Amino acid sequence: MLRAGILASLHDAPEGAADKVEVPKSSVSSLRLQQLEKMGFPTEKAVVALAATGQLDGAISLLIDDQIGEEAVVISKGKKSSTS
């Protein structure tokens with residue numbers, strides 16, 4: 001259900017997406033993301049929750065209920081950083 005919500009909220013999701021869904025970090029409100037991070041939620045899960053709900057309250061509910069799975073991968077669009 002969460003994966004379907006993410007796909008519905010991200011209109012540019014690729015057709016026939018594999019097991020993983022890419023969620024651009026830039027697709028969510030940076031202010032809301034910062035609020036969730038200050039509450040102690042991991043960035044990756046906070047991005048997915050915000051992408052799925054679009055609302056701070058909804059994201060908090062998903063995070064508190066541990067409804068965020070591992071099917072979404074957060075990506076940063078823009079410069080790629082090499083960590084070699």
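This passage walks through the fold of the chain and then the packing of its helices.

The model is a predicted one. Its chain has four helices and two strands, and going from the N terminus these elements come in the order α-β-α-α-α-β. Of the 84 residues in the chain, 31% are buried. As for contacts with a separation of 6 or more, 45% of them come from residues 24 or more positions apart.

UniProt, in an unreviewed entry, puts the feature "domain: UBA" at residues 30-63. That stretch, residues 30-63, works out at 82% helix and 0% strand in the model, and its end C-alpha atoms sit 17 Å apart.

Now to the helix pair. Helix α2 covers residues 30-38 and helix α4 covers residues 56-64; the two pack at an angle of about 35 degrees, and their axes are 11 Å apart. The crossing of α2 past α4 is right-handed. On the α2 side, the contact is made by Arg32, Gln35 and Leu36, which meet Leu56, Ala59, Ile60 and Leu63 of α4. Sorted by type, the residues of this contact are five nonpolar, one polar and one charged.

Helix α3, residues 43-53, has a run of buried residues: Ala46, Val47, Val48, Ala49, Leu50, Ala51 and Ala52. Just after α3 comes Gly54, which adopts a positive phi of about 80 degrees.

Terms used: Residues are numbered from 1 along each chain as its sequence is written. This is a predicted model: local features need pLDDT of at least 70, side-chain atom pairs count only at pLDDT 80 or more; totals for chains, interfaces and linings use all residues. Side-chain values use heavy atoms; hydrogens and water are left out. Axes are lines fitted to C-alpha atoms, for helices over the stretch in contact, and angles run from 0 to 180 degrees between N-to-C directions. A crossing is left-handed if the near helix is turned anticlockwise from the far one by less than a right angle, and right-handed if clockwise. Contact means heavy atoms within 4.5 Å. Ala, Val, Leu, Ile, Met, Phe, Trp, Tyr, Cys and Pro count as nonpolar, Asp, Glu, Lys and Arg as charged, and the others, Gly among them, as polar. Buried means under 20% relative accessible area, exposed over 50%, partly exposed in between (1.4 Å probe, protein chains only). UniProt positions are given in the numbering used here, feature names are shortened, and annotations may be inferred rather than shown by experiment.
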